[in-house]
Amino acid sequence: EPWTISTLASAVGLSESKLKLGFREIVGRSVREHLREARVDHASVLIEQGHTVTESALASGFQSLSHFSKAFRQIKGVYPRELSKVASRKGPRRS
């Protein structure tokens, strides 16, 4: 189940606005930015394990492949297909 600001706020017993404000003060970035980075990190691990870019994006909660590719590039500095090419040269490591 993908995490959203609403589900996180409910899980910790705060309103969405208090969660957003407190999170930014403590972590230094928004909840949305943090969730996006966590999703990209998860997708990166999946790609390195030999999963396709599409499988990795969908399994990490991205609905749009173009949005995923843009977010991945912003966070990782490379496009997901570039990482996929490197991973495929190393051989399949699916677990």
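In which helix does L35 lie? The legends below begin with the whole chain and come to this residue in the last view.

**View 1. Overall fold of the protein chain, a predicted model.** The model is predicted, so local features need pLDDT of at least 70 and side-chain atom pairs count only at pLDDT 80 or more, whereas totals for chains, interfaces and linings use all residues. Residues are numbered from 1 along each chain as its sequence is written, and side-chain values use heavy atoms, with hydrogens and water left out. The protein chain contains 6 helices and 0 strands, where helices (H or I, at least four residues) and strands (E, at least two) are DSSP runs numbered from the N terminus. Its C-alpha trace spans about 45 × 25 × 20 Å along the principal axes, and buried residues make up 25% of the 95 residues; buried means under 20% relative accessible area, exposed over 50%, and partly exposed in between (1.4 Å probe, protein chains only).

**View 2. Helix α6 and its cover.** In α6, which runs over residues 80–90, the buried residues are P80, L83 and A87. Seen down the helix axis, these buried residues fall within an arc of 60 degrees, so they line one face of α6; the arc is that of the directions from the helix axis to the C-beta atoms. On the other side of α6, S88 and R89 are exposed. The cover over the buried residues of α6 includes α3 (31–48), α4 (53–59) and α5 (65–76).

**View 3. The largest nonpolar core.** This core has 9 residues, namely V40, A43, I47, A57, F62, F68, A71, F72 and L83, a nonpolar core being a set of buried Ala, Val, Leu, Ile, Met, Phe, Trp, Tyr and Cys residues joined through side-chain atoms within 4.5 Å. Helices α3 and α5 each supply at least two residues of this core. Leaving aside neighbours within four places in sequence, A43 is in contact (heavy atoms within 4.5 Å) with S56, S60 and F68.

View 4. L35 lies in helix α3 and is buried, with a relative accessible area of 13%. Not counting residues up to four places away in sequence, L35 touches W3, T4, I5 and L8. The C-alpha atoms of L35 and S10, which are 25 residues apart along the chain, are separated by 16 Å.
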